[in-house]
Amino acid sequence: MGAGLTGYTIRRILWAVPVLFVISFVVFWILRLAPGDPVDALLGQRFDEERAANLRHKYGYDKPVVEQYVIYMRNLAQGDMGVSTRHVDFSVSEVIWPKIKVSSQLGAMALIIVFSLGIPIGIYAALARGTFLDPLTIGCWLLLDAIPAFVLAPVVGWLVALKLGWITLGWEGVWTDGPIFRPESNVIVYVLIMSLPGVAGVARFMRASFISVMDEDYVRTARAKGLKQSTIIITHITRNAMMPMITVIGLSLPAITAGALFVERAFGIPGIGAESLAAVTAPDFDVILGLVLFGSFLFVVANIVIDISYGFIDPRVKVGGQRG
Amino acid sequence: MTAEVVRTLEETGTPARWRSPGARALRSLLRKKIACLAIVYLTIFYGAGLFAPLVVPALGLPSPYEQNRRTIEEVRAGPSREHPFGTDTLGRDMAARVIYSARTTVLFTIVVLITGGLFIGLGLGLLAGYRGGWVDTLIMRIGEVFSGLPTLFIMLALSAAFRTRIDDLIFWFKDNTFLGDDSRAIVQFLLIAMVTVPFAWIGSSRVVRAQTLSIRESGYVEAAELMGAGTWRVITRHVFPGVMPLFLVGLSGGMGGIAGSEVALSFLGLGISAPTASFGTMIGDGAGITAFRLYPHLLIAGALPVILFIFAWNLLGDALVDILQPKQHVS
């Protein structure tokens, strides 16, 4: 495995570089293609040709697109992600990092909830296969999955804040200042709204995976040996059924930082989702690019890590073999 | 006496009538009650949506595009006998708007299904799986690039970028074609379809490719090739029928997401805009904590039909998985 895995890793990383370049160039080019540019948004009513020309020169928008792209990439290589025009002259890093921090904390909590609910629910549904409990369980979670966040958010907000008075509406930071280190109660509500719709997908996947393992010969052998049902479920089936789940977990990792646009919008959370919507509609070129590149980078890295981790976890998997 | 014996023999002893695999799948689908309910709801939704201009007057509802006879009392009124779902912020009947919004959703899912799912997803999947080599690599790498992009974010960026430009296009269409006043809705519609399609084909083409790869190695395909069948014939007659079940499963599972993306874009004001009815703009009118406290019907009437629509597609996809691939192979 040794040399093959190293070679495969290197090949995958080398593939990732052109992929990221293509993504960045396409986004860069599309942004420049659109007629409205940040200068129009900045000047608004006070627009006059001379000031616009000055501003365009200041931000470098008067140069040809390819030249702008080369300059951007050169700066990026030195860790400079450009300047925001919407937050006048703040650097992109100053704008996005605090928001990434907020979004990623909420996203991580949401992800933990999704998987710690989804996996047991999937196992339960698989064990209940053939009875009405299986479709009922999955169906209930699928209904939650069908409710868009922008519908769920005001309803839940009305219920827990106005009707029941459990939380206050407004952003008070992620963690409480109190003696016990725990998330703010309104953060818990936001995280639940973000995570509950995702449970169905994980549960369905876990159910399918569990069922396919359940019919394996070694499970029948274990049963014939007279092992306890709980031992079979935990050590024989669940452990093997978790294998394909690695992909799902890995692929949802970038979603942590993507931020939950609609929940952030509904509750005024200073996160990436709300910022990206504002940046896109403003428009704010460098912030959009920074966010897209950050998101794509995470996605590509997560993909590579998943593929390679298969080789470590399951020695039967030959990475880089006949996979096309 | 003998006739009776023959009849009982015919009823009990004869083997079950042979049915095509498609008919058998349909029968076992209908045996599932949940799937039946989903199909009934989807049929009603698609029927109401496609024939909205006929359905709305037939139900005795006023057209949502007539705003001439509004009074202040009619604005944001709750459900009543005259307006079963209440009225919206402009006093228009919500039930009629829901039906016209269904029309938008229905047309959108059909357009994206045909372009993204059927042509691009199935076509590229078959091509990549059957031809292999550099064609396969190229298609799958392009798919990787697209799936690497944060989907909703890119859709936002694209629709925001083209949004300002399409005004010229709308006026051109209005002046130069027969579309007239409909051109605005149609151009906006095409725009969101254009930004959805690049992300709608990847999933189904991956499924199709994987299935094609395994079918390509099977004996009957080799036999057909040896007998001199061309690529087109092998793909359409031998590979395609084997790919179809999995493709349908993937498709029905993805339909809810496609409908959801139109609603989300319209909600953000980047998709279909007023006066054309869309669930997104309807939900946008009622989605706010205060708005929901004061006028809950604004949100409920707009959201419930589309939630059930997405739910029905998800349930149907789930039922199809069980029927068409009893022993599911998780990749």
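**Reading the two chains**

Analyst: Of the 324 residues in chain A, buried ones make up 36%. The model is predicted: local features need pLDDT of at least 70, side-chain atom pairs count only at pLDDT 80 or more, and totals for chains, interfaces and linings use all residues. Residues are numbered from 1 along each chain as its sequence is written, while chains are lettered from A and ligands numbered from 1 in the order in which they are written.

User: What makes a residue buried, exposed or partly exposed?

Analyst: A residue is buried if 20 or more other C-beta atoms lie within 10 Å of its own, exposed if 12 or fewer, and partly exposed in between, with C-beta atoms placed from the backbone. In chain B, 42% of the 331 residues are buried.

User: Why is Val187(B) called partly exposed?

Analyst: Val187(B) has 19 other C-beta atoms within 10 Å, so it is partly exposed. Val187(B) belongs to helix H8 (residues 183–216) of chain B.

User: What is Val187(B) in contact with, leaving aside its neighbours within four places in sequence?

Analyst: Two residues are in contact if their C-beta atoms, placed from the backbone, lie within 7 Å. On that basis Val187(B) is in contact with Ile166(B), Leu169(B), Ile170(B) and Phe173(B).

User: How many helices and strands does chain A have?

Analyst: Chain A has 14 helices and 0 strands, and chain B has 13 helices and 0 strands. Both terms refer to DSSP runs numbered from the N terminus: helices are H or I of at least four residues, strands are E of at least two.

User: How do you know that the span of H13(B) is close to the expected one?

Analyst: The expected span is 1.5 Å times one less than the number of residues. Helix H13 (residues 296–324) of chain B has 29 residues and reaches 41 Å from its first C-alpha to its last, close to the expected 42 Å. H13(B) also bends by about 30° at Ala303(B), with Pro305(B) following within four residues. The bend is the angle between axes fitted to the seven residues ending at a residue and the seven starting there.

User: What makes H13(B) mostly covered?

Analyst: Of the 29 residues in H13(B), 21 are buried.

User: Why are the buried residues of H3(B) said to be on the same side?

Analyst: The buried residues of H3(B) are Ala35(B), Ala38(B), Phe45(B), Ala48(B) and Gly49(B). They cover an arc of only 165° around the axis, so they lie on the same side of H3(B). The arc is that of the directions from the helix axis to the C-beta atoms. The face turned away from the buried side of H3(B) carries the exposed residues Lys33(B), Val40(B) and Thr43(B).

User: How many residues of chain A are in contact with chain B?

Analyst: 49 residues of chain A are in contact with 43 residues of chain B. H7(A) gives the most to the side of chain A that touches chain B, with 8 residues.
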